[in-house]
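Student: Hi, I have a structure open and would like to go through it with you piece by piece. Could you put it up so that we are both looking at it?

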Amino acid sequence: QWPTIHFILSSTAPMSRDLAQQIECHLQAPVFELLGSTETLSFASRQATHCEYWQPYAGIKLSLKDTSFYLSGGHVFTELRLDDQFEISPNGSFKLLGRASDLIKIAGKRASLNELNQHLSQIEGVDDGVFFASKNERLSAIVVSSLSKQQIINALKANIDEVFLPRSLYTVSSLPRNTLGKLIKLELEQLIQTQQNARK
């Protein structure tokens, strides 16, 4: 039983609409997310259950120059280049596509590894999972799940383009996340290498 909650603020990684809906249902209060970084502080917000686009604060402007995105105005006194990629709408709101380093391009189509990971983790029966690009630039995934490979692939087909389906799917007992829930790159690479060697 929860006391009366007026609203919930989240300033961690952007959450999925499904997760936001679960929180609002259980706590009977709206969830608002804040977007920002150490360099910029928070500069936009959204209510994920209503819209996937972020609304910048008054005076804040996000703009595209060449292939990079820049933030200016409001409390951002000096224009700052961001490491993320965005889709900017005519009214100034924007969709976060992910880190520039996370964006992949296959068969002329683009996707964010972060977005693919969200689709993977939302599959009922998948406890944890992550996509990764192998040396030949083909996508693979490693999951913690009792589901079969085909069940996972079928579930992904309902939400992502087939060109981004994992060519290889590895099942493990756990992913090497730290106490903050983040994956350590070196440990993940070692786990992936172990799984790949086991298939040879």
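Tutor: Before we start on burial, a residue is called buried when its relative accessible area is under 20%, exposed when over 50%, and partly exposed in between. Please also keep in mind that this is a predicted model.

Student: Ok, with that cut-off, what share of the chain is buried?

Tutor: Of the 200 residues in the chain, buried residues make up 39%.

Student: And what are the overall dimensions and the secondary structure?

Tutor: The C-alpha trace spans about 55 × 50 × 30 Å along its principal axes, and the chain comes to four helices and 14 strands. As for the contacts with a separation of 6 or more, 41% of them are accounted for by residues 24 or more positions apart.

Student: Let's do strands then. How are β1, β2, β3 and β4 arranged?

Tutor: They form an open sheet in the order β1-β2-β3-β4, with mixed pairing. The edge strands, which each pair on one side only, are β1 (8-10) and β4 (55-56).

Student: How do β2 and β3 run, parallel or antiparallel?

Tutor: Strand β2 (residues 31-37) and strand β3 (residues 41-46) run antiparallel and are joined by five bridges; within that pairing, E33 has R46 in β3 as its bridge partner.

Student: What about β13, is it buried or exposed?

Tutor: Seven of the seven residues of strand β13 (residues 139-145) are buried, so the strand is largely enclosed by the rest of the structure. Both of its faces are covered, with L139, A141, V143 and S145 buried on one side and S140, I142 and V144 buried on the other.

Student: Which strands does β13 pair with, and in what sense?

Tutor: With strand β12 (residues 126-133) it pairs in the antiparallel sense over seven bridges, and A133 has L139 of β13 as its bridge partner. With strand β14 (residues 168-171), β13 runs parallel and is joined by four bridges, and there A141 stands opposite L169.

Student: Remind me what holds strands together in a sheet?

Tutor: In general, strands of a sheet pair through backbone hydrogen bonds, and the pairing can be either parallel or antiparallel.

Student: Switching topic: what can you tell me about the second largest pocket, starting with its volume?

Tutor: Its volume is about 420 Å³. The second largest pocket is lined by 20 residues, and M15, R46, E52, E115 and Q118 are the ones that lie nearest its centre.

Student: Last one: where does R81 sit, and what does it touch?

Tutor: R81 lies in strand β7 (residues 76-82). Leaving aside residues up to four places away in sequence, R81 touches S68, F69 and Y70. The C-alpha atoms of R81 and T40 are separated by 9.9 Å, with the two residues 41 apart along the chain.

Notes
Residues are numbered from 1 along each chain as its sequence is written. This is a predicted model: local features need pLDDT of at least 70, side-chain atom pairs count only at pLDDT 80 or more; totals for chains, interfaces and linings use all residues. Side-chain values use heavy atoms; hydrogens and water are left out. On a 1 Å grid over the protein atoms alone, a cavity is a set of points where a 1.4 Å probe fits but cannot get out, and a pocket is an open set with protein on both sides within 12 Å along at least five of seven lines; lining residues have an atom within 4 Å of a point. Grid points are joined across faces, edges and corners, and a volume is the space filled by probe spheres set on the points. Two strands pair if DSSP finds at least two bridges between them. Helices (H or I, at least four residues) and strands (E, at least two) are DSSP runs, numbered from the N terminus. Contact means heavy atoms within 4.5 Å. Buried means under 20% relative accessible area, exposed over 50%, partly exposed in between (1.4 Å probe, protein chains only).
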